[in-house]
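Subject: Handover of the two-chain model

Hello,

I am passing this structure on to you. Please look it over first, then read my notes below.

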Amino acid sequence: MGWEMEPLLLAWSYFRRRKFQLCVDLCTQMLEKSPYDQEPDPELPISQAAWILKARALTEMVYVDEIDVDQEGIAEMMLDENAIAQVPRPGTSLKLPGTNQMGGPSPAVRPITQAGRPITGFLRPSTQGGRPGTMEQAIRTPRTAYTARPITNSSGRFVRLGTASMLTSPDGPFINLSRLNLTKYAQKPKLAKALFEYIFHHENDVKTALDLAALSTEYSQYKDWWWKVQIGKCYYRLGMYRDAEKQFKSALKQQEMVDTFLYLAKVYISLDQPVTALNLFKQGLDKFPGEVTLLCGIARIYEEMNNISSAAEYYKEVLKQDNTHIEAIACIGSNHFYSDQPEIALRFYRRLLQMGVYNCQLFNNLGLCCFYAQQYDMTLTSFERALSLAENEEEAADVWYNLGHVAVICAFLLQGIGDTNLAHQCFRLALVHNNHHAEAYNNLAVLEMRKGHVEQARALLQTASSLAPHMYEPHFNFATISDKIGDLQRSYVAAQKSAAAFPDHVDTQLLIKQLKQHFAML
Amino acid sequence: MLMFFASLLCSCLNRMACTRFICLSFYTAHDILGKTVSNNSDMAEVKFVFREVLPKQGQLSVEDITTMVLCKPKLLPLKSLTLEKLEKMQQAANDTIRQQEMAEKEQQQITH
């Protein structure tokens with residue numbers, strides 16, 4: 001027999017080394033040995049410690065930063081009762097991204113997302129939510145993970161995670177929530193905090209968590225800011241934004257914390273009040289000068305409001321404080337790329353590579369930057385690496401699409417010598433990987449048209465425009481083709497759609513003008 | 001010289017819209033280069049000094065033919081840590097549920 005470590009110490013060590021499963025197993029063993037009921041025995045402090053440790057380990061396993069998590073269901077978006085103005089003034093809402101033209105790039109240069117915003121350099125759980133205008137768009141807009149959007153908040157990702165965790169534990173859940181005597185726990189503040197986090201993060205039972213938090217804050221005579229923040233979090237999850245706001249504000253009065261500022265700003269963003277959120281962030285910066293998360297919050301809001309130049313300024317400010325901030329580097333890099341400075345973008349993405357980011361997206365971006373910065377030797381190897389690192393079909397499709405783009409430009413450069421076969425194959429492969437890749441359909445149509453296959457091009461363009469009505473390119477191309485073959489009526493309809501997607505597009509305006517002249521002559 | 005051609009080609013490519021314009025500008029480029037080389041008979045000291053040329057006679061016609069637009073290259077956004085963790089957890093959850101279902105199905109088949 002060798003040395004045996006004290007089990008609780010070993011479990012604690014596992015916890016600190018983030019080996020949560022081992023920690024949980026050990027705690028379970030310890031709890032089985034000592035008389036174990038629903039609740040820890042107050043006479044046995046060791047079993048109580050094991051109980052808390054197990055709860056904390058289980059929480060850590062599924063913990064995601066609540067500030068970052070934002071999941072809007074269709075119901076919340078479409079039946080939004082919290083918005084103050086249905087028709088907000090320009091520059092005061094996140095719903096009308098197009099209204100603020102200050103420094104916003106034109107869609108002729110920078111592709112846009114379905115929500116009508118220029119694509120960003122960084123993806124967070126809340127980035128792609130957007131605020132679609134119509135029900136159809138809401139259903140169609142993919143969330144980040146390409147899965148369908150949940151109907152409501154409460155039926156989202158968290159519930160599914162909960163069911164899975166229940167299936168994996170054969171003896172049923174660790175704590176049976178319905179049998180808990182919450183009042184008793186509320187009187188033990190240390191236990192209550194661990195229990196709250198377990199209920200909130202692991203079980204996702206927000207109502208029970210709220211009950212516990214309410215009892216605890218009462219027990220602490222409303223003097224503990226931590227409980228107020230937790231109540232606010234629960235209210236936010238339940239969609240009661242105004243109540244959440246009150247709790248956070250009261251917590252801020254007691255104790256100013258960065259987290260509380262961030263939660264409160266999140267509430268304002270959900271209420272579609274970006275200007276209030278901005279002011280709040282600035283207040284927070286007065287208390288905590290140079291705080292990266294606050295600066296980053298400001299930059300995100302500007303980016304969502306389509307004010308790219310201000311966003312870039314704040315991202316630069318972030319980098320002054322923390323020069324390894326991935327989000328800031330990625331966003332500034334993509335800004336440079338789309339403002340015609342691929343060389344500088346390349347430096348930013350190389351910096352990310354040096355920092356150890358190693359994934360499909362980064363190599364794809366490096367490949368594109370290298371190509372446009374005329375460093376052709378690195379281009380194809382980067383794309384190859386990106387393809388080998390692609391984790392799912394959609395990523396591979398995007399890489400093939402970009403590769404197709406490179407091939408198209410090569411073919412154009414070598415007019416007469418080069419051919420478009422490579423480009424053709426790349427776009428085809430992109431479509432094999434992702435059948436809904438509207439951009440690939442559009443570019444394929446352009447290539448078909450160059451070969452003189454009008455009917456195929458038209459079919460491809462129709463597919464593209466039905467898949468992505470927010471892009472102007474398929475509409476405009478369809479209008480051009482229809483105009484050429486004499487189908488003026490369809491051309492006009494498509495041109496109108498193109499103008500709606502991109503009002504400042506000169507060629508579309510010219511086409512519409514020509515068509516109007518034609519119609520006038522009839 | 002090659003550089004010049006490359007830049008010229010690029011600038012032309014930017015305006016793919018007008019094919020005729022490209023042809024015309026190619027001829028003028030040849031003319032300019034021809035003159036500079038013939039003026040400097042000593043090839044060692046050939047310095048290409050390009051001056052802008054505004055043709056004062058002859059016709060320069062530009063016909064704007066609308067062409068189709070390609071969709072732009074897409075930089076892929078990087079994923080935040082939270083998002084990666086969420087996706088991983090979701091994947092793991094899906095896998096466990098699927099495994100359970102498969103196991104149940106197999107058991108049912110055995111009992112039948």
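Which side chain does B:Lys79 meet in a salt bridge? The partner is A:Glu395, at 3.6 Å from N to O. A salt bridge here is a side-chain nitrogen of Lys or Arg within 4 Å of a carboxyl oxygen of Asp or Glu. B:Lys79 lies in strand β1 of chain B and A:Glu395 in helix α20 of chain A, so the pair joins two chains. Helices (H or I, at least four residues) and strands (E, at least two) are DSSP runs, numbered from the N terminus.

Some ground rules. This is a predicted model, in which local features need pLDDT of at least 70, side-chain atom pairs count only at pLDDT 80 or more, and totals for chains, interfaces and linings use all residues. Residues are numbered from 1 along each chain as its sequence is written, chains are lettered from A and ligands numbered from 1 in the order in which they are written, and side-chain values use heavy atoms, with hydrogens and water left out.

The interface

In chain A, 66 residues are in contact (heavy atoms within 4.5 Å) with 30 residues of chain B. The two chains bury about 4600 Å² between them, 68% of it on carbon and sulfur atoms. Buried area is the accessible area (1.4 Å probe) that two parts lose on being put together, summed over both.

The rule finds 4 salt bridges across this interface. One of the pairs formed is A:Asp398 with B:Lys74, where the closest N and O atoms are 3.3 Å apart. Helix α20 (residues 393-413) of chain A gives the largest share of the side of chain A that touches chain B: 8 residues. That side divides into 38 nonpolar, 17 polar and 11 charged residues. Here Ala, Val, Leu, Ile, Met, Phe, Trp, Tyr, Cys and Pro count as nonpolar, Asp, Glu, Lys and Arg as charged, and the others, Gly among them, as polar.

Strands meet here too. Strand β1 (residues 122-123) of chain A pairs with strand β1 (residues 78-79) of chain B in the parallel sense, over 2 bridges. Two strands pair if DSSP finds at least two bridges between them. A:Leu123 stands opposite B:Lys79. B:Lys79 also has the salt bridge to A:Glu395.

Over all chains, a search of the whole structure finds 13 salt bridges.

Confidence

The predictor gives the complex an ipTM of 0.78 and a pTM of 0.79. Its confidence in each residue is pLDDT, from 0 to 100.

Chain A has a mean pLDDT of 83, and 81% of its residues reach 70 or more. Over residues 128-133 of chain A, pLDDT stays under 50. Residues 141-155 of chain A are also below 50.

Chain B has a mean pLDDT of 66, and 57% of its residues reach 70 or more.

Best wishes

Note on methods. pLDDT = per-residue confidence, 0-100.
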